[in-house]
Amino acid sequence: MIQAVPSLPITDLSLSLLFYEEQFGFKVIRRTETFLVLQKGQVYLRLYKMHIHAPMYCGFFVSNIHEHMPKDCSLKQLKSIGKLAINQLGELSFTLKDPDGNTLEMIETPVNSHDS
């Protein structure tokens with residue numbers, strides 16, 4: 001496999017775009033009336049509009065979790081929007097929800113440890 005592109009259901013393209021741009025620094029590379037394709041570095045994310053959906057999970061492996069935390073947040077603010085913890089595998093992770101309740105998890109892991 002060369003690359004996977006996670007896809008998440010959303011209800012409001014503008015609200016979700018604002019969230020992913022402001023909180024994580026994603027940039028739009030493609031937009032239609034029903035979906036967005038976002039990019040940050042080597043990571044792509046597809047958001048597709050659904051009127052009714054069940055929230056989903058999307059995990060991102062990162063080498064430095066602090067580079068991917070929501071921008072301009074104090075530790076107190078981070079606690080109110082997400083959870084910074086050590087997961088069951090001993091990895092540092094930050095979990096939060098987007099405006100549609102989709103769970104996003106950044107997992108700090110050494111570079112190349114998930115390439116197999």
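**Strand β8 and its surroundings**

Reader: How do you know that strand β5 (residues 57-62) and β8 count as paired?

Author: You count the bridges. Pairing takes at least two bridges between two strands, and six join β5 to β8, with the strands running parallel. So β5 and β8 count as paired. As an example, Tyr57 stands opposite Thr103 in β8. Keep in mind that this is a predicted model.

Reader: What makes β7 (residues 92-97) a partner of β8 too?

Author: The cut-off is again at least two bridges, and β7 and β8 have five, this time running antiparallel. That makes β7 a partner of β8 as well. Here Ser93 stands opposite Ile107 in β8. These two strands form a hairpin with five residues between them, and in it Gly101 has a positive phi near 85 degrees.

Reader: Why is β8 (residues 103-108) said to be largely enclosed by the rest of the structure?

Author: Because five of its six residues are buried. A residue is buried when its relative accessible area is under 20%.

Reader: Which residues does Glu105 touch, apart from its neighbours within four places in sequence?

Author: Contact takes heavy atoms within 4.5 Å. On that basis Glu105 is in contact with Tyr57, Cys58, Gly59 and Phe60, and also with Ser93, Phe94 and Thr95. Gly82 is 23 residues away from Glu105 along the chain, and their C-alpha atoms are separated by 9.4 Å.

Reader: What about β6 (residues 82-86): how does it pair with β7?

Author: In the antiparallel sense, over five bridges. Ile86 has Leu92 in β7 as its bridge partner. β6 and β7 form a hairpin with five residues between them, where Gly90 in the turn has a positive phi of about 85 degrees.

Reader: Let's move to helix α1 (residues 13-24), where Ser16 is found. How do you know whether Ser16 is buried or exposed?

Author: Look at its relative accessible area, which is 0%. Buried means under 20%, so Ser16 is buried. Leaving aside neighbours within four places in sequence, Ser16 is in contact with Ile10, Leu47 and Asp100.

Reader: Tyr20 and Phe24 form an aromatic pair. Why is this pair called tilted?

Author: First the distance: ring centres must lie within 6.5 Å to pair, and these are 6.4 Å apart. Then the angle: under 30 degrees is stacked, over 60 is edge-to-face, and the rest are tilted. The planes of Tyr20 and Phe24 are 40 degrees apart, so this pair is tilted. Both residues lie in helix α1, four residues apart, about one turn of the helix.

Reader: And why do the rings of Tyr20 and Phe26 get another label?

Author: Their centres are 6.2 Å apart and their planes are at 75 degrees, so that pair is edge-to-face. Tyr20 and Phe26 are both buried. A search of the whole structure finds five aromatic pairs, and Phe19, Tyr20, Phe24, Phe26 and Phe60 form one aromatic cluster.

Reader: What sits over the ring of Phe35, and how do you know?

Author: The charged end of Arg46 does, at 4.3 Å from the ring centre. The distance limit for this is within 6 Å.

Reader: How many residues are in the largest nonpolar core?

Author: It has 21. Among those with the most contacts inside it are Tyr20, Phe24, Leu104 and Met106. At least two core residues come from each of β1 (7-10), α1, β3 (35-40), β4 (43-49), β5, β7 and β8. The largest share, five residues, comes from α1. In soluble globular proteins, nonpolar side chains tend to be buried together.

Note on methods. Residues numbered from 1 in each chain as written. Predicted model: local features only at pLDDT ≥ 70, side-chain atom pairs only at ≥ 80, totals over all residues. Heavy atoms only, no water. Buried < 20%, exposed > 50% of the residue type's maximum accessible area, 1.4 Å probe, protein only. Core = buried A, V, L, I, M, F, W, Y, C linked by side-chain atoms within 4.5 Å. Phe/Tyr/Trp six-rings, centres within 6.5 Å; stacked < 30°, edge-to-face > 60°. Lys NZ or Arg CZ within 6 Å of the ring centre and 35° of its normal.
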